[in-house]
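Student: Could you take a close look at a single helix for me and walk me through how it packs?

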Amino acid sequence: MSARTKLMTAIMVAVTAVPAVPAVAAPAPPPARAGHETTQKAMEAAVGDGVPGVVARVKDRHGTWSAVSGVGDIRTGEPRSVHDRYRVGSITKTFVATVLLQLEAEGRLSLDDTVEQWLPGLVLGNGHDGRGITLRQLLNHTSGIFDYTADKTYQHTYVLKDGFFEHRYDTLSPYELIGIAMRHEPGFPPGTSWGYSNTNYVLAGLVIEKATGNPYGDEIRHRVIEPLNLHATTVPGTSTKVPRPSSRAYGKLAETTTGPTYDITEINPSSAHAAGEMISDSADLNRFYSALLTGKLLPARQLAAMKTTVEEGVPPRTGYGLGIMKLELGCGLTVWGHSGGIRGSSSVAAATEDGSHALAFNFNNDWSGDSQAVVEAEFCGK
């Protein structure tokens, strides 16, 4: 897996499984509206590559366009719905960063505050020291803090098949997740390099809670979900279900992309916490990123800070800001957004800088499909 692909897939956590069954032939996709034929073809190519089903939605100057390809349930052959809700994984990070930046705008914290100021004694051990790590470094992944999802015991317990079946409904506290990270050495001294770490955003969620006295999910609801009327967007906590309408989610529960396919729709998302637990749909994600990029959620100073990216150490043509990615496409156009991978679900949301053209889509699997091709097809027409 390339560095760029790793960035586009973000986080993996455990979910539920059933015996594999043969895929049912997908119904013919609806005809693509003029201007989106290449996007539809890229979605169909992803299905040909092994993705059970794809759902996408576009908002542009002509209005909206939605499409599906493949199936939402390989057992019954039921197609995906354009209204499907799905787990968005690390797209959660943009919501978390937005709230933290709002708190800065209100004077309730500074991005130059250290982690130790807000969470004393929590980031300590094996070379980690919260006294030398700022909140900004959490948000742009320059903290060097070890990513708890890379811990081998975590992977065997919650991600791979044998441990997954036993632990798929476990509740993990954010403090347990941080404790896993603290058993390892940091990847680099704070501020000297870039390295994607889900631990950063678990910590960011706890800072929000410390600064407000409320669960971070409540702050996201109050500050983002409700003002934007994101009716399909939730912060599920420990709830294992994806609200309807939704499709099934599939994974291999293995280190390879071959072997049996399992229905892994249900998961206790506490193992992702503020790094990736949210659920949404494509229409809500387009509305969120368009609103964010046009200044409806953040003052100009905070939005500029969010879009100040780290370039060194990040995959080519990519930059990472504060919970948001900058991606330069093959045609020279730059889009902003985030990817999100969680067991059984791979999602991408991206928009032009002026928010006028937005795309959000989901693959209901975690082992195949070229998400970059779908983005290039929609924004570059190829």
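Tutor: Contact here means heavy atoms within 4.5 Å, and helices are DSSP runs of H or I with at least four residues, numbered from the N terminus. Before going on, note that this is a predicted model: local features need pLDDT of at least 70, side-chain atom pairs count only at pLDDT 80 or more, and totals for chains, interfaces and linings use all residues. Residues are numbered from 1 along each chain as its sequence is written, and side-chain values use heavy atoms, leaving out hydrogens and water.

H10 is mostly covered, with 7 of its 10 residues buried (under 20% relative accessible area, 1.4 Å probe, protein chains only). Those are Tyr216, Gly217, Glu219, Ile220, Arg223, Val224 and Ile225. They span an arc of only 160 degrees around the axis, so they sit on the same side of H10; the arc is taken from the directions from the helix axis to the C-beta atoms.

Now for the partner H3. The axes of H3 (residues 92-105) and H10 (residues 216-225) come within 10 Å and cross at roughly 80 degrees, where axes are lines fitted to C-alpha atoms over the stretch in contact and angles run from 0 to 180 degrees between N-to-C directions. That makes H3 roughly perpendicular to H10 (65 to 115 degrees). On the H3 side, Phe95, Val96, Thr98, Val99, Gln102 and Leu103 meet Tyr216, Glu219, Ile220, Arg223 and Val224 of H10.

Conventions: Helix = DSSP H or I, 4+ residues; strand = E, 2+ residues; numbered from the N terminus. Parallel < 35°, antiparallel > 145°, perpendicular 65-115°, else oblique. Buried < 20%, exposed > 50% of the residue type's maximum accessible area, 1.4 Å probe, protein only.
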